[in-house]
Each structure stands twice: as structure tokens, then as C-alpha cells.
Amino acid sequence: MTSPLLRDLVLLASRLLLATLFVLMGWGKLTGFSGTVAYMTATGAPLPYLSSIMAILVELGLGLFVALGRLTSPIAILFALYTIVTAFIGHHYWTFSGMERYDMWIHFYKNFSISGGFLALAAAGPGRFSLDAVMKNASAGTSRIKS
């Protein structure tokens, strides 16, 4: 992209689009916690109660960080790994047959595609419309004042 403004707007859109899924899912897990634990149990997730809490913290908490652009690159890498791991836990298509298998297959590989988006975000950074940029500019201003 030749325009820095356009690049930063696209990075903002990327962060918001990637985060939306996780924030919504994390909120649903939080507000329907008993159902979340039941789902984790049904999928064979290890330690379903603890897995539910971890999923909420990652999806809702870190999802908000991505949306706001705070600690974007390291969190994006964590999300890429998290999303691949959850593909194996929640979308094990090889245990299904027929249309259910196909549906799970789509979700399994959708997770890998989302991970690719997170890795691209980690490499590109959050852009100037982010808390990371605000914090960087604030610290640069502070160091200039001290000089």
C-alpha cells in the first residue's frame, strides 16, 4: 500500500475484524458459563472448568487488546497458536461422518486461515490507530522532554 493512511486504516479494520469473532465468542462463554463448561466437557477439552476460564480470558480479554491495538504483535502470535490448538480440540472432523464431517472440516481449516491473519497482523503491527502507537508516541515525547 502506497498511502500510510490507507495502510493504517486497513490494519485497524483487520484488528477489528479479527477481534470481533473472539470478543463475541468470549462474551457468550462468560454469560453462558455452565454451557461453556458442558461444551468443553463434550469436546474432550482438558480440565473443562479451567479450559472454560482460559478460553474466556483469551477470547474476551486478549480479543479486546487486539481490537484496541495493545501489545498487538505478541498477542496476535498467541492468538494464532490458540486458534490452531482450538481447531484440534473443537473441530475434530475426522471423528464425524457425512455433512457433520464436512461442517467440522470447514471450521477446522477456517481456524488455520484465521491464524494466518493473526500472523500477518503480528508481522505488520497494529498501525497508528492503536494504543501501541499512542503509547510509543507518548514515550517518545517523554524522552524528548527529558533530553
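Helices here are DSSP runs of H or I with at least four residues, numbered from the N terminus. The model is predicted.

**Exercise 1.** State which residue just after α2 takes a positive phi, and give its value.

*Solution.* Helix α2 covers residues 33-43. Just after α2 comes Gly-44, whose phi is positive, about 80°.

**Exercise 2.** Find the buried residues of α2 and explain why they lie on the same side of the helix.

*Solution.*
Step 1. Buried means under 20% relative accessible area. In α2 the buried residues are Thr-36, Val-37, Met-40 and Thr-43.
Step 2. Around the axis they cover an arc of only 130°, so they sit on the same side of α2.
Step 3. Exposed residues have over 50% relative accessible area. Ser-34 and Ala-42 are exposed, on the other side of α2.
Step 4. The packing partners of the buried residues of α2 are α1 (4-31), α3 (48-68) and α4 (72-90).

**Exercise 3.** Describe how α1 and α5 pack: their angle, the distance between their axes, and the handedness of the crossing.

*Solution.*
Step 1. Helix α5 spans residues 98-124, and it packs with α1 at an angle of about 140°, the axes being 11 Å apart.
Step 2. Because of this angle, α1 is oblique to α5.
Step 3. The two helices, α1 and α5, cross in a left-handed manner.

**Exercise 4.** List the residues through which α1 and α5 meet, then sort the contact by class.

*Solution.*
Step 1. From α1 come Arg-7, Leu-11, Ser-14, Arg-15, Leu-18, Leu-21 and Phe-22.
Step 2. In α5 they meet Ile-114, Gly-117, Phe-118, Leu-121 and Ala-124.
Step 3. By class, the contact of α1 with α5 has 8 nonpolar, 2 polar and 2 charged residues.

Terms used
Residues are numbered from 1 along each chain as its sequence is written. This is a predicted model: local features need pLDDT of at least 70, side-chain atom pairs count only at pLDDT 80 or more; totals for chains, interfaces and linings use all residues. Side-chain values use heavy atoms; hydrogens and water are left out. Buried means under 20% relative accessible area, exposed over 50%, partly exposed in between (1.4 Å probe, protein chains only). The arc is that of the directions from the helix axis to the C-beta atoms. Contact means heavy atoms within 4.5 Å. Axes are lines fitted to C-alpha atoms, for helices over the stretch in contact, and angles run from 0 to 180 degrees between N-to-C directions. Angles under 35 degrees count as roughly parallel, over 145 as roughly antiparallel, 65 to 115 as roughly perpendicular and the rest as oblique. A crossing is left-handed if the near helix is turned anticlockwise from the far one by less than a right angle, and right-handed if clockwise. Ala, Val, Leu, Ile, Met, Phe, Trp, Tyr, Cys and Pro count as nonpolar, Asp, Glu, Lys and Arg as charged, and the others, Gly among them, as polar.
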